[in-house]
Number of protein chains: 2
Amino acid sequence: MTGSVLASWKDGLAKQAVLDFVAAAVTPGSGFVELADRIAAFDNDGTLWVEQPMPPQLDFVFRKWQEEVRAEPSLAQQQPYKALIEQDRAFFEGVATQDPQVVATLEEGFARSWAGTTPEEFDAQVREWTKTVKQPKLGVPYVELVYRPMLELFDFLRANQFRVFVCSGGGRDFMRAFAEETWGIYKENVIGSAAAYTYADGRIVRSEAFLGGLDLGPGKPEHIFAQTGRLPLFAGGNADVDIEMLQSARFALLVNHDDEEREFAYAKGAETALAEAEKLGWTIVSMKNDWTTVFGKEAG
Amino acid sequence: MTGSVLASWKDGLAKQAVLDFVAAAVTPGSGFVELADRIAAFDNDGTLWVEQPMPPQLDFVFRKWQEEVRAEPSLAQQQPYKALIEQDRAFFEGVATQDPQVVATLEEGFARSWAGTTPEEFDAQVREWTKTVKQPKLGVPYVELVYRPMLELFDFLRANQFRVFVCSGGGRDFMRAFAEETWGIYKENVIGSAAAYTYADGRIVRSEAFLGGLDLGPGKPEHIFAQTGRLPLFAGGNADVDIEMLQSARFALLVNHDDEEREFAYAKGAETALAEAEKLGWTIVSMKNDWTTVFGKEAG
């Protein structure tokens, strides 16, 4: 059953831990898991694709807001546009720490930009962005910066009858626009922070409201439970905002960004998660040492 | 491909319409539908099982509230307990008409009864109810009063690579407790009115809040879109609260309760839906004339 399984993963502790857990889950015995309970959930930014210099969705949002400021310059005096114009990183880092003031201000900004938009219109904007915008250091569109080993992990889990979900603090509808062709995952398996939509005159239109809280921290297991009726059996993340999701799973995998040469090396925003991983025995994946290939369609 | 397909459906317009639509969806040509878009959504009460003399979940809820009134008799002075004790049907019919006052009062009642409950505790209460409580006229547990022809329709749709969802105004978690063994549908394919849950100390616990609005009327396509990122290709319902869901689908099927002998004959709460069906060419299923068998595990 090896051979092409996890082909971009080097033999080592991380790969072996994944193989062992899944083998036990599908084999009659004490580690066996019923089909219904075989749910895996993965963070997106930094777990499935590059999140430096900022989560790709922020690039998408910032371009929209820059257009809006060009059309209406007085916006530059108010948040969140002011923080964007002044390149105020500290403001946007308030998302990662779930600062309520920052979150509320961003939600107002999203509502201003996209309330009244249909799913088709929003999808078209995201698709245009995925085709045309390139990551500044690596010079290719973000959807080409999905980690090859993680897609192989999806394949391996699905081959063992797991249902794979993505669960990100990022926008549910943003991810759903490329989930099917990029991850091979149906839209209904994508969980994220989400606007509410209203149905009228035969159409679904985005409203100003948000549905539930942000899908970060405790919001991750909350959103997973709401979507699936379960907590995950297997979870993968890379940051402090993934801790609760990883705690809620029976098998937890933490991607460590330690590969300055092929990607980025940083622990900022993941310090507590790395400490928890050591303490609780989560499987830490070293991008540098555990993966032979990081990007690309073919295993290397 | 006929033979065992839709075995409890009599040959006729309804069966033929279903067969033709699905055949076109899976055959290259003008009616072909991509795999990703093959989503079917079905109401539960009155579409998948008996909803007379009242939706089964109300029986479950009323038993809980009766216990609470016995323990604390002063509750009988306030709603929704008062309406229960006085058998005030008009009050509870306010759900079907989405009366905001009634809805708010019921939500307060649900919060009082179940806030703080874990999913395991709630599931156990529902399972106890499904095992012990019998429908008064038909004398068997409600889960045995699922319409055999609709389960065959699920099988037929799945055989044609549709993903089947249930979308009910009833409680999401109530349905999820029996969905897998009763309908053969994973919990994540069950959509309904839902409490919010909070995650703390490694546990998911039901809160007092509701997540989004009631899954009735326009709430049905809204909930389906939120859960799946799509509107349904195929939808089935039986009542006025299903109209928007049926309108949002390319193929709409309306179950008509016209079988006094084997089930019930009534049009109350479905008058507008029946008129819309005629006007818009929805497929009307006569329980009396289109189904050889209504209940039971074996086709008749």
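A polar contact is a pair of N or O atoms within 3.5 Å, and within protein one of them must be able to donate a hydrogen and the other to accept it. In this predicted model, 15 residue pairs are in polar contact across the interface of chain B and chain A, both residues being at pLDDT 80 or more.

**Where the chains meet**
- Chain B brings 32 residues to the contact and chain A brings 32 residues.
- Glu188(B), Tyr199(B) and Phe225(B) supply 25% of the area that chain B buries against chain A, more than any other three residues.
- Together the two chains bury about 2,700 Å², with 58% of it on carbon and sulfur atoms.

**Charges and elements at the interface**
- There are 4 salt bridges between chain B and chain A.
- Arg230(B) forms a salt bridge with Glu180(A), and their closest N and O atoms are 2.8 Å apart.
- β2, α8, β4, α9 and α10 of chain B each give at least two residues to the side that touches chain A.
- The largest share of that side, 6 residues, comes from α9(B).
- By type, the residues on this side of chain B are 15 nonpolar, 7 polar and 10 charged.

**The sheet in chain A**
- In chain A, 6 strands form an open sheet with parallel pairing, in the order β3-β2-β1-β6-β7-β8.
- β3 and β8 of chain A each have a single partner strand, so one side of each is left without a neighbour in the sheet.
- From one strand to the next, the twist averages 20°.
- Strands β1 (residues 39-42) and β2 (residues 163-171) of chain A pair over 4 bridges, and Phe42(A) stands opposite Val166(A) in β2(A).
- Helix α9 (residues 219-228) of chain A lies across β1, β2 and β3 of chain A, at about 130° to β2(A).

Methods: Residues are numbered from 1 along each chain as its sequence is written. Chains are lettered from A and ligands numbered from 1 in the order in which they are written. This is a predicted model: local features need pLDDT of at least 70, side-chain atom pairs count only at pLDDT 80 or more; totals for chains, interfaces and linings use all residues. Side-chain values use heavy atoms; hydrogens and water are left out. Contact means heavy atoms within 4.5 Å. Buried area is the accessible area (1.4 Å probe) that two parts lose on being put together, summed over both. A salt bridge is a side-chain nitrogen of Lys or Arg within 4 Å of a carboxyl oxygen of Asp or Glu. A polar contact is a pair of N or O atoms within 3.5 Å; within protein, one must be able to donate a hydrogen and the other to accept it, and residues adjacent in sequence count only if both atoms are side-chain atoms. Ala, Val, Leu, Ile, Met, Phe, Trp, Tyr, Cys and Pro count as nonpolar, Asp, Glu, Lys and Arg as charged, and the others, Gly among them, as polar. Two strands pair if DSSP finds at least two bridges between them. Axes are lines fitted to C-alpha atoms, for helices over the stretch in contact, and angles run from 0 to 180 degrees between N-to-C directions.
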